Amino acid sequence: MFIALHVAVSALLVALVYWHISAYNTRNRYTHIPSFPIPISWKWIGGHLPLIAKRRRQLGGHRIKNFAMILDWIRKDLDVNTMVLFVANRQMMYTIHVPISAKVLSDHRTFMKPGARESKIAYVNGERVFGDHGIIMEPGTEVWYHKRKMMDPAFQKKYLKCLMEDMKTITNKMCHVLEQKTDQKIIDIYSLLNKVALEIICTCGFSLRDDFVMLEESELNKAVTDMLEIIPLSLRESLTFWMPWKFNQEKKRLKEANSLLRGTVRKILEARIETHSENPDASPNDILGHIIRANMFSGNISIEDLLDDFVVFLAAGMETTAITMSCLIWHILKQPEISQKIVAEINEVYGGKEELEFEDLNKLIYLEQCLKECLRLHPPIQLSFRRSPNRDVIVDHLLIPRETTIVMSTEAIQQLETHWSNPDKFDPERFAPGKKIQPFTYSPFSAGPRQCIGKHFAIMEAKVVLAALFQKFQLYDPYPEETKLEKVTNMTCKPKDGVFIGIQQ
Ligand code: HEM
C-alpha cells in the first residue's frame with residue numbers, strides 16, 4: 001500500500017516537473033510577443049488561468065468570462081494590438097492588427113481552423129453536437145474544399161431568387177402575428193424574429209414547413225438557443241463541466257436540444273435521400289435538394305456528416321440574422337431621421353405594390369447601408385479562430401510560433417479609431433455608394449475563402465423581412481431614455497434582454 005502510494009506520488013511529481021519544464025520551454029518561444037507576467041509558482045501549470053479568473057471576479061461573476069472581455073483587457077491594460085495568453089496547455093495569440101488578421105484569414109492553407117475536436121465542440125458531454133467534419137469547423141483543406149464546392153451553388157444569388165417566395169410567405173405570417181399584437185403595444189421583436197429566421201432557414205434549407213412564427217413557444221427555437229448557450233458554457237467551465245454533480249440542468253437541456261435537432265434533421269435527410277433515389281425530379285428545390293443533387297455527381301458524404309452541416313445551418317442561420325435585424329430596428333427607432341429615410345425608400349420601392357420582387361431588393365440601397373453599419377457595430381459572431389502550422393511563420397514582421405491558436409476580433413477591428421472616425425456612432429453614410437472601406441477592416445461575415453457561405457442569404461432575408469415590417473407598421477421606440485443596447489456573448493453576441501418596440505398598424 002505504502003509502496004503504491006509512494007509510486008503514485010512520485011509519478012505525479014515527475015508529471016508536474018515535466019509539465020513545468022515543457023510549459024517553460026514553450027513559453028520561451030513567445031517572449032517577443034507582449035503578455036502579462038506569469039509568476040514562477042504553481043501558476044505555471046495553469047498559465048494565465050488564475051489571472052483570467054481574477055479578472056472575471058473583478059468584473060463581477062464567474063460566467064462573465066468571454067474573449068471580448070479579454071480583448072478589452074489587452075487594449076486597456078497593455079495598449080497593444082497583439083498579445084499572447086497561456087491558457088492551461090494552449091497558447092492563444094489575440095490580435096486586432098489588421099495586416100495580421102488579413103494574412104491569416106486569406107491564407108487558409110497555412111492558417112487552418114482549429115477543428116471541432118480541438119475546439120471541443122465536436123462532442124460535448126458525450127453528445128455529437130457539431131461533429132468532426134461539419135463545414136464550419138473542418139480544418140483539412142481537402143474535405144472542406146469538397147464540401148464548400150458542393151454547397152456554394154445553393155447560396156449563389158441566382159439560386160437565392162427561387163427562395164424569395166418562401167421568405168415572403170413567412171414574412172407575411174410575421175405581419176399577421178404583429179397585426180394581432182397591436183393592442184399589446186410593446187413587444188419583444190428579437191424573440192419574434194428568432195422564430196422568423198428559424199422558419200426561413202428550415203423552409204429554405206430543407207422544406208421543413210412548420211408554423212414556428214405563429215407559435216408562442218417553439219421547441220426547435222428553444223433547442224437552437226439552448227445549444228448556442230450551453231456549448232460555450234462547457235468551454236468556459238471546461239475544468240468543472242465534466243464533473244457528474246455539476247451543471248446537471250444544463251447537461252439535461254443540451255441532451256434534449258441536441259436529440260430534438262439531430263432527430264428532426266435526420267428524419268428529413270433520410271426521407272429525402274430515399275425520395276431522391278426513387279425519383280430525382282421529385283426532390284424539392286431547397287438547399288438540401290441542391291446539395292443532394294451535387295453529391296450524386298461529386299462523390300460521397302455520409303448522412304452523419306451531412307447532419308452536422310444542417311445542424312450548423314440551423315445554428316449559424318437563426319440567431320445571427322435575428323440579431324442583425326433586431327439590433328438594426330433598435331438603432332433605426334433611436335434615430336428618427338434615419339427611420340424617415342428608410343421608410344421613404346421602402347415606400348418608393350414598393351410603389352403601390354403589395355409585395356416586393358427579387359429584383360426590387362437591389363433598389364433598397366439605404367436599407368443595405370444600414371444593415372452593413374449594424375453589422376459593423378454588432379457583429380453577431382465576434383471572433384475568428386485559426387491555427388498556425390507546425391512551423392514558425394512570419395507575418396507582418398511578427399514571428400508566430402508553431403501551433404499557436406490565433407484569435408481575431410471582428411468587433412474590435414470594426415471599431416478601431418485608426419480606421420473608423422467616431423467609431424461608436426451608428427452612421428450608415430460610411431457605406432454610401434462610392435465610399436471606400438479599407439480591406440479587412442470590415443468583415444462581419446469573416447474574410448477570405450472561409451468567409452460565411454450564407455452571407456447573401458442573410459442579407460436577402462433581412463431586406464425582405466425589414467422592408468415588409470417598415471412598410472406595413474408604424475414602429476416607435478418605447479424606451480427613448482435607454483441609450484445603450486445591452487448584449488450578452490455566448491456563441492453569438494445577442495441582445496441581453498431582447499429588443500422592445502412599440503407598434504401601431
Ligand atoms: C447575419 C448573419 C450571419 C453572420 C453575421 C454570419 C457570420 C459568419 C462568420 C463570421 C463566419 C466565419 C467564421 C470564421 O471565420 O471562423 C461564418 C461562417 C459560416 N456561416 Fe455564417 N453568418 C450569418 C448567417 C449565416 C446563414 C444564414 C447561414 C446558413 C444558411 C450561415 C452559414 C455559415 C457556414 C456554413 C459557415 C462556414 C463556412 C466555411 O467555413 O466554409 N451563416 N458565418
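Residues are numbered from 1 along each chain as its sequence is written, and side-chain values use heavy atoms, with hydrogens and water left out. Because the model is predicted, local features need pLDDT of at least 70 and side-chain atom pairs count only at pLDDT 80 or more, while totals for chains, interfaces and linings use all residues.

**The ligand site**

Which residue is the protein donor of the iron atom of the ligand? Cys-452 is the only one, through its SG atom at 2.3 Å. Donors are N, O and S atoms within 2.8 Å of the metal (3.2 Å for Na, K and Ca), and sites may look incomplete because water is not among the atoms. Cys-452 sits in the loop between α16 (410–413) and α17.

Helices (H or I, at least four residues) and strands (E, at least two) are DSSP runs, numbered from the N terminus.

**Arg-128**

Arg-128 belongs to strand β4 (residues 127–128). Its side chain makes a polar contact of 2.5 Å with the side chain of Asp-308. A polar contact is a pair of N or O atoms within 3.5 Å; within protein, one must be able to donate a hydrogen and the other to accept it, and residues adjacent in sequence count only if both atoms are side-chain atoms. Leaving out residues up to four places away in sequence, Arg-128 touches several others, including Tyr-123, Asn-258, Arg-262 and Glu-304. Touching means heavy atoms within 4.5 Å.

**The three-stranded sheet**

Three antiparallel strands form an open sheet in the order β5-β13-β10. Two strands pair if DSSP finds at least two bridges between them. The edge strands are β5 (186–188) and β10 (474–476), and each pairs on one side only. From one strand to the next, the twist averages 40°. Axes are lines fitted to C-alpha atoms, for helices over the stretch in contact, and angles run from 0 to 180 degrees between N-to-C directions.

Helix α9 (residues 189–206) packs on this sheet. α9 touches β5 and β13, and its direction makes about 45° with that of β5.

Three bridges join β10 to β13 (residues 500–504). There, Tyr-476 has Gly-502 as its bridge partner. β5 and β13 also pair over three bridges, and Ile-187 stands opposite Ile-501.

**The four-stranded sheet**

Another open sheet has four strands in the order β1-β2-β9-β6, with mixed pairing. Its edge strands are β1 (82–87) and β6. Neighbouring strands are turned by 25° against each other on average, direction ignored. β6 and β9 (residues 405–409) run antiparallel, joined by five bridges. Arg-387 faces Thr-405 across this pair.
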